[in-house]
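Subject: Structure for you, with notes

Hello,

Here is the structure I promised to pass on. My notes follow below it.

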Amino acid sequence: MSRLPLSQLQYFVQVAGFGNLSRAATAAHVTVSALSHQVRQLEQRLGRQLFERGPRGMELTRDGQRLLNAVGDHVVAIERALLDYQCRHDLRVSLTAIPGMLTGWLVPRLAGLVRLHPELQLDLSSTEAVVDFDRESMDLGLRYGLGDWPGVISERLFGEWIIPVAAPALLQARQLDPQRPETWPLLGDSADKWRYWFEQTGATPVTRYVAEFDNVDSLQRAAVEGIGVALGRMVMAQPLIDAGLLQVIGSVYLQIPESYYLVYPPRSLQHAGVLKFRDWLRGEAALHEAHTQRRVGTGSG
């Protein structure tokens with residue numbers, strides 16, 4: 001048997017780790033078809049089936065598990081050792097961000113970055129998955145949470161506020177009473193922030209939702225379509241409010257424990273482009289935080 005390409009073993013370990021071709025392809029920065037082809041080539045070289053392909057994803061066969069046990073830790077160790085040498089000291093910056101923050105907050109501000117640093121080239125990736133900097137050659141991440149991700153540097157950018165929002169047409173048609181939220185047709189989310197909102201405001205909680213969603217983009221789309229009232233996260237909802245697609249109900253803004261963070265591995269501090277992008281981002285975040293404080297302080301939507 002000819003010598004196995006390291007790249008095929010890397011792809012094999014990545015698919016085994018994710019158990020899903022789409023997520024593994026995103027992490028490896030290749031197409032699903034290209035990744036599937038590499039895995040099949042490896043299986044042909046070894047004369048063994050390594051994965052069972054089914055509706056729940058890619059599951060290791062007995063031969064696949066034996067191979068992972070034999071090479072998995074070694075492949076990961078090689079990748080980690082090479083990351084320090086792959087850290088680019090040029091002006092190309094790779095960034096991963098949650099979809100709503102990328103499209104609703106970062107992209108509208110990028111023109112300012114281009115004017116300030118036209119020499120930078122950005123590679124932007126939109127995903128809900130938390131990037132593993134030990135296994136992926138990504139420079140930076142924009143994340144939402146409590147800032148307690150292990151093994152990375154986390155810089156808080158700004159906080160998040162929530163307030164009920166709905167389509168103007170729904171408000172007009174249903175004549176919703178701002179003082180009686182228990183009568184509103186509510187849209188639920190997986191984080192169940194409505195429970196927090198009811199607890200903090202002292203309002204009567206509802207016992208059911210019109211519909212529930214597991215991601216913010218779908219939730220806000222449903223609100224725009226007039227299906228019900230959503231609890232808007234202002235970073236993502238504000239562009240829709242400014243465009244007249246959503247309207248704030250009442251004036252009670254609540255700050256929640258989660259914030260938005262810039263996260264990166266220590267190796268990224270050696271990257272000149274990363275440092276330029278980080279400095280610019282810090283300035284934009286400070287402006288956003290100050291503007292938000294003025295907005296919620298006046299109670300205006």
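Are Phe12 and Phe51 buried or exposed? Both Phe12 and Phe51 are buried, where buried means under 20% relative accessible area, exposed over 50% and partly exposed in between, with a 1.4 Å probe and protein chains only.

Some ground rules before the rest. This is a predicted model, in which local features need pLDDT of at least 70 and side-chain atom pairs count only at pLDDT 80 or more, while totals for chains, interfaces and linings use all residues. Residues are numbered from 1 along each chain as its sequence is written, and side-chain values use heavy atoms, with hydrogens and water left out. Helices (H or I, at least four residues) and strands (E, at least two) are DSSP runs, numbered from the N terminus.

Back to that pair. Searching the whole structure gives ten aromatic pairs; rings of Phe, Tyr and Trp (its six-membered ring) pair if their centres lie within 6.5 Å, and planes under 30 degrees apart count as stacked, over 60 as edge-to-face and the rest as tilted. The ring centres of Phe12 and Phe51 are 5.5 Å apart with planes at 55 degrees, so this pair is tilted. It links distant parts of the chain, with Phe12 in helix α1 and Phe51 in strand β1 (residues 51–54), 39 residues apart.

Tyr144 and Tyr260 make another tilted pair, because their ring centres are 5.0 Å apart and their planes at 45 degrees. Trp105, Tyr144, Phe158 and Tyr260 form one aromatic cluster.

Arg233 lies over the face of Tyr144, at 3.8 Å from the ring centre; the criterion is NZ of Lys or CZ of Arg within 6 Å of the ring centre and within 35 degrees of the ring normal. Arg233 is also the bridge partner of Ile162. Strands β6 (residues 153–166) and β9 pair in the antiparallel sense over four bridges, pairing being at least two DSSP bridges between strands.

Finally, the packing. The largest nonpolar core has 26 residues, and Leu106, Leu142 and Leu281 have the most contacts inside it. Such a core is a set of buried Ala, Val, Leu, Ile, Met, Phe, Trp, Tyr and Cys residues joined through side-chain atoms within 4.5 Å. Helix α11 (272–298) gives the largest share, five residues. Apart from this core lies another, of 20 residues, including Leu21 and Phe51.

Enjoy exploring!

Best wishes
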